[in-house]
Amino acid sequence: MAHEQRKKLEMKIKARRKKFKQLMSEPKVVLTRDKLSFVCGVITIMIIEAVLLVAPQRMEELYTTLLIPLMLARYVIYKSDLYHYFMYDFCYYAQVLMLLQMYKYPNNTELRKVMFSIANGPLCFAIVMWRNSLVFHSMDKMTSMFIHYTYTTFNGNFLSTLE
């Protein structure tokens, strides 16, 4: 009896190994959406780097141009997944404050200092805490990195103007 059970167990294990080896040898399928997201992510990083190196004064325009569609896309995706209440998080309010600083109160040094502190305090810590990473084939992760890191980079341009 025990010998038969052992044989059955060995047969199951051999079948699972064979199935696992087949799965490992099959080619991976990459979705077109993932490919497109990867290409867009890499191009976006290159554009941000170019703007920061060549014309850092134009970062405001780039930041706004990227932020609005990313936030709208995130809202639509989060709403369909019933995650839209996550958009009441502090980082999204910081984005609104950043837009106010850029367009409504560009010369307000107190607000600039507050925004610099927010960008280099809670938002930098959030990158580590939420394990944000550059996963180019994930629009969600790329948006999170944009919200936290680009914000910090943009605010860093104003370090020299804080007197």
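Predicted model: local features only at pLDDT ≥ 70, side-chain atom pairs only at ≥ 80, totals over all residues.

I started with R74, which is buried at 5% relative accessibility. Buried here means under 20% relative accessible area, exposed means over 50%, and partly exposed is in between, using a 1.4 Å probe and protein chains only. Residues are numbered from 1 along each chain as its sequence is written, and side-chain values use heavy atoms, with hydrogens and water left out.

Which residue does R74 form a salt bridge with? I found D140, with the closest N and O atoms 2.6 Å apart. The two come from distant parts of the chain, R74 in helix α3 and D140 in helix α7 (residues 139-156), 66 residues apart. My helices are DSSP runs (H or I, at least four residues; strands would be E, at least two), numbered from the N terminus.

Another one is R6 with E10, where the closest N and O atoms are 3.2 Å apart. Both residues sit in helix α1 (residues 2-25), four residues apart, so about one helical turn separates them. R6 is exposed at 57% relative accessible area, while E10 is partly exposed at 31%.

Then I looked at E61, which pairs with R58 in a salt bridge; their closest N and O atoms are 2.7 Å apart. I have E61 down as partly exposed, at 41%. R58 also goes down as partly exposed, at 45%.

Last stop was M87, in the loop between α3 (59-80) and α4 (90-103). Is M87 buried or exposed? Its relative accessibility is 16%, so I logged M87 as buried. For its neighbours I took contact as heavy atoms within 4.5 Å. Leaving out residues up to four places away in sequence, M87 touches M71, R74, Y75, Y78 and Y92. That brought me back to R74, the partner of D140. I also took the C-alpha distance from M87 to M71: 9.2 Å, with the two residues 16 apart along the chain.

Methods. Salt bridge = Lys/Arg side-chain N within 4 Å of Asp/Glu carboxyl O.
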